[in-house]
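Please open the model in your viewer and keep the selection tool at hand. The tour below goes from one selection to the next and says what is there.

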Amino acid sequence: MSHLLIAPLLLPLFSAILLIFLSGRSLLLIRSLSLISAALLVAVSVALLHIANDGQIHLYALGNWMPPFGILLVLDRLSALMLLVSSILALFSLIYAVRGSDGPGDKLHAMVQFLLLGVNGAFLTGDLFNLFVFFEVLLIASYALLLHGRGAERARAGLHYVVINLAGSALFLIAVSALYGLTGNLNMAALAAAIAQLDPADAPIAATAGVLLLVVFGLKAALAPLYFWLPRAYASASAPVAALFAIMTKVGVYTIVRTYTLIFGESAGAVANLALPWLWPLALITLALGLLGALAARELRVQIAYLVVVSVGTLLAGVALNTQAALAASFYYLIHSTWICGALFLLADLIRRQRGDLSDRITKGPRLAQSALLGALFFIAAVSVIGLPPLSGFIGKLLILSAAVDQPNAVWLWVLLLAGSLATLMALSRSGSTFFWRTSEPLAGVSPADKGELIAVVGLLAGVFTVTFGASAVLEYTLALAQQLLAPEAYIQSMQAFTAVEGSQ
Amino acid sequence: MEALIALVIGVLVSCGVYLLLRARTFPVILGLTLLSYGVNLFIFVMGRLRTGAPAVVSKSDNLSSTLSYADPLPQALVLTAIVIGFAMTAFLLVLALRARAELGNDHVDGTAGLGEKPVKPVRPLEEDEV
């Protein structure tokens, strides 16, 4: 039992508390502490990825309580990957934020650390009720982050976001307590074992709870028809926050994958593969509606927010295929889409600031002060997010498509994904050519983009390049990850074989 | 007893959902509060309804004969849910007030209804309120 397992929770928790107490002191101190903490989190995530890569399920029982009692952290390949993806995104968002967009005040850094606490907790917990608690931690931090800064639009979008998530939390509690009432367990592995041997008479209750969970996680993941809150909220958030929120939908995707491979997976008896018949059509509808939104968007940030919806649709369609190749392809695509959407949100902010009052509206406007540089970055990011060769978007989509080949209703995915690439290409060509080519005289007195902010964008793009050039290593990892997911027996057995650490420790 | 509790939860949840769908922020907050009351009650009764069951079982009790003790876990869960729900309601109230101040009305969409005169924003926010 390695104590490193709890570091992704303790590190952001302690830095968040420290940052709150430091509030009002030197901004330099707060910013450097926040950055150091984020960098350490990346280091810890890399170490955990290395630990998880041995194929074992690693458990950390808080207070040495035997599972299924007590609070349990579980590290497997999937949670390690999610930790690394989120910590790298957070590091670059913070690098962007410290260059001046973390104002007003200095509260943003503490809130980001609390958000990371919730996100990491959701990835690591092995218990359904703790998942709820960590969801609430990340949600309340995200409410504060979304509303950070002033502006009527933020208050408007924030109200919708908070209300819909509170309603979602109520559904989550109903589902969790119904499962507890049925099985007497909240630990995911024990729950999986109990569901597998469920009395067929109780199956409808378990199925109800399972589908309610899908509604809740679908709300977090922005699955159609529950994505309407997303475009407005993301488009009105400040740039580093919007970039950081690219991980939030992925938390929903993660919980969907975890719940419906482990608890309601292949071996769940009467409720086996509960979500799959719902997930497949809904994912395709999400994909289609996201594309329509991206085509129709009149502002760049709204367009990128719809691209987040598109990526969720693509991901969940891959997940719904439920084969090893498809899951591996989906998680490859997840890494790519998280970072590229983050980079696009940051880039949109840089473009927006050089256009004066027009902001990010897609209309003819003044020439940008750094048209060539920002144009080149936008071009690279667009090529990647559309899925044109040679960047990782292409590899990810190709892998999902080839995983779908031998599936019976793959034709829908092929049509939507290929037509979708074309639609994304059209949408981004429209905004790109308007911003960089249909221009009038440049505005006077526009300051060029800050070097640190450019570093943040370039860093995320470099991450995408790494995933592109290291594709075979990444794919090898995600294939092993998918294999681990599709054999949940190991997860359940590791829990049953757990022995408490002796008192001398 | 079970039927009564089920009825109470049903009434709470349906009133909550009705209020949640209203157009003004204050009824929406009340609706969420009612909804969370219904949910909390639901969590609580998931430990099964028992009367006269001991809450604490000591070692000297013969467990095989007094198997019906009160399940402590849902009680712990419901406490957690109450605390979280309380904090969220407080936050939502502040947010609704801020939206009222910034948007000039208390509609959930931030737009004044038909035939209603939009009021000017009450006052710009101070730095420490942001």
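Begin with A:Pro390, which lies in the loop between helix 15 (371-386) and helix 16 (392-403) of chain A; helices (H or I, at least four residues) and strands (E, at least two) are DSSP runs, numbered from the N terminus. The peptide bond that joins A:Pro389 to A:Pro390 is cis, with omega about 10°. This is a predicted model, in which local features need pLDDT of at least 70 and side-chain atom pairs count only at pLDDT 80 or more, while totals for chains, interfaces and linings use all residues. Residues are numbered from 1 along each chain as its sequence is written, and chains are lettered from A and ligands numbered from 1 in the order in which they are written.

Next select A:Pro225, in the loop between helix 8 (203-221) and helix 9 (229-236) of chain A; a cis peptide bond, with omega about 0°, joins A:Ala224 to A:Pro225. Then go to A:Asn273, in the loop between helix 11 and helix 12 (276-296) of chain A, where phi is positive, about 50°, although the residue is not a glycine. Most residues other than glycine have a negative phi, and most peptide bonds are trans.

**A helix pair in chain A**

Now select helix 11 (residues 248-262) and helix 13 (residues 300-321) of chain A, which pack at an angle of about 15° with their axes 11 Å apart (axes are lines fitted to C-alpha atoms, for helices over the stretch in contact, and angles run from 0 to 180 degrees between N-to-C directions). Helix 11 and helix 13 of chain A are therefore roughly parallel to each other, a term for angles under 35 degrees. To see the contact (C-beta atoms, placed from the backbone, within 7 Å), show A:Thr249, A:Val253, A:Ile256 and A:Val257 of helix 11 against A:Val308, A:Val312, A:Leu315, A:Leu316 and A:Val319 of helix 13.

**Where the chains meet**

Show both chains: 26 residues of chain A are in contact with 29 residues of chain B. On the side of chain A that touches chain B, helix 5 (128-146) and helix 6 (152-183) each supply at least two residues, and helix 6 gives the most, with 16 residues.

**A helix in chain B**

Finish with helix 3 (residues 72-103) of chain B, whose 32 residues should span 46 Å at 1.5 Å a residue, and whose end C-alpha atoms are 46 Å apart, which agrees; the expected span is 1.5 Å times one less than the number of residues.

Note on methods
Contact = placed C-beta atoms within 7 Å. Parallel < 35°, antiparallel > 145°, perpendicular 65-115°, else oblique.
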